Amino acid sequence: MARSSIEWTQASWNPITGCAKISPGCKFCYYANGFRLTTHTDALELPLSWKKPQMVFVNSMSDMFHKYAPTEFIQRIFEVMRKAHWHQFQILTKRSKRLLALDKSIDWPKNEPAGCWKAAHGMNAGRGLNENELSSSLERNHMTLKGTPRIEALKVKNYRALKDLELEGLMPFSVLLGPNGSGKSTVFDVFAFLSECFSVGLRKAWDKRSRFKELRSRGADGPIVFELKYREAPGKQVITYHLAIEEKDSSPIVSEEFLQWKRGPSAGRPFKFLDFKNGSGKVISGEKPDEKDARVSETLASPEMLAVSSLGQFTKHPRVSALRRFITGWHLSYLTADNTKGVPEAGPQERLSQTGDNLSNVIQYLQERHTERLEKIFAKLSERIPKLEKVSADIMADGRLLLRIKDAPFDLPILAKYASDGTLKMLAYLTLLYDPTPPTFIGIEEPENHLHPKLLQILAEECREASGQTQLMVTTHSPFFVNGVRANELWDLFRDENGYARALRADAMRGIPEFMENGALLGQLWMEGHFARGTPKSGDAH
């Protein structure tokens, strides 16, 4: 692998080399003198041999959209990016007009839309499009210039069955598989707990779960610890968020909380730009905190307050604010068909609730503000549900909102409460996945309930497509859903001999990648006993 010293990437891949000056900005390029453009067929499939997920800078020694780069060769590069779905790819171009010209002839990767797009700053209309113009044009073509935050690793200590669990290498779409009692719902609850700590406060999230007595792992000592490694966008530095919680006088306290990252190339060590213990600590302000910058001492009103939640409200701490926005934007879904059948008061609502009890209100919002998106949802639903023709949200005279579903060939629609549970759950999931402004993170627990098995593999593929705009985590024990999952997206959870949860990613299991190369599906392999642990018959669930 070509390791990179560039601070915003990890590796470089050069199937094309050679470039030429086209703007004053080229003055600062490390290939400013120019050299003959050459295509390298022998380098095309290099990313497929790199098994560890990497942030890959494509054509660091050229411009992908150079006028002499053959369109067919560019298409072959994108084909490799689609196959190497475990990587994130970055492309830098000053030739924005050709990018737009080729846009519709390129099959863009759906797993992670070609990493992070960057246009050159300071280019006038005579030479190309500036970043804002390019962003607008790409968004019109159903792409996005801006990256979304991604959690790459999660570490948990002393939280219920998660005495010492680490998930390293989380993908934009990750699936937790396991029998009842394997710990997957507890992992899901970690995200719910953190989200509640930021939205309603640590004390309420703590009390809701019966405090240390029920939260700390049996037989464990010390604090409950959560640690996230994430990027604010593809190509950005990895940031570590560490949170340790203890109890004092029956009250929760934040015994340690810090944010750390590493500035610059691979040389150097990470440093903390927010560091708090028991309600007081220091923080470095500014857009790009540096280890040499001044640290400001701060004291919170109470040791049970989170420093990130408190200081993240101030614009002078943009990196802290970004994490606060990220976590408060999480959406944990506990959809039930019964909740979607209610008759709420009329009024458009942008976001589906955790239980789905405002489905009618969200449909009303889409009817009024995003007609095209709603039509897409209905088209997808009609493909899944035979004879379904139309869904509407109608306002009654008394202000209530009725969700109606019309089947062909009948003339009159029926009320949602009389529709099948599967129809309503599929509608709710599609509404969540095709949200015009999706949450930063979506968690879905056991989507298989009430859905026909044949719909589950399709739903998994739609989750992966949606993960281009948001990060998704799904818990399941359905082999049908898992049949639509890739090996690097699936975590198999099981209990060890001490009763604590462990996890193993499917692509690290002996023989699984080879089976899949020969056409096997993960759900089938799981049910046939090819996973090392974690099937109900193995006795690992307690």
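This is a predicted model: local features need pLDDT of at least 70, side-chain atom pairs count only at pLDDT 80 or more; totals for chains, interfaces and linings use all residues.

Q: How many of the ten residues of strand β12 are buried?
A: Seven of the ten residues in strand β12, which covers residues 239-248, are buried, so the strand is largely enclosed by the rest of the structure.

Q: Over how many bridges do β11 and β12 pair?
A: Strand β11, residues 224-231, pairs with β12 over seven bridges in the antiparallel sense. Within that pairing, L228 has Y241 of β12 as its bridge partner.

Q: And which residue in β13 stands opposite Y241?
A: Y241 has L259 of β13 opposite. Strand β13 spans residues 251-261, and its antiparallel pairing with β12 involves ten bridges.

Q: How many residues lie between β12 and β13 in their hairpin?
A: Two residues separate β12 from β13 in the hairpin, and D249 in the turn has a positive phi of about 55°.

Q: Moving on, how many bridges join β13 to β14?
A: Five bridges link β13 with strand β14, residues 271-277, and the two run antiparallel. There, E257 has F276 in β14 as its bridge partner.

Q: In which sense do β14 and β15 pair?
A: The pairing of β14 with strand β15, residues 280-283, is antiparallel and comprises four bridges. In β15, V283 is the residue opposite L274.

Q: Which residue in the turn between β14 and β15 has a positive phi?
A: That residue is N278, with a phi of about 50°, and the hairpin of β14 and β15 has two residues between the strands.

How values were computed:
Residues are numbered from 1 along each chain as its sequence is written. Side-chain values use heavy atoms; hydrogens and water are left out. Buried means under 20% relative accessible area, exposed over 50%, partly exposed in between (1.4 Å probe, protein chains only). Two strands pair if DSSP finds at least two bridges between them.
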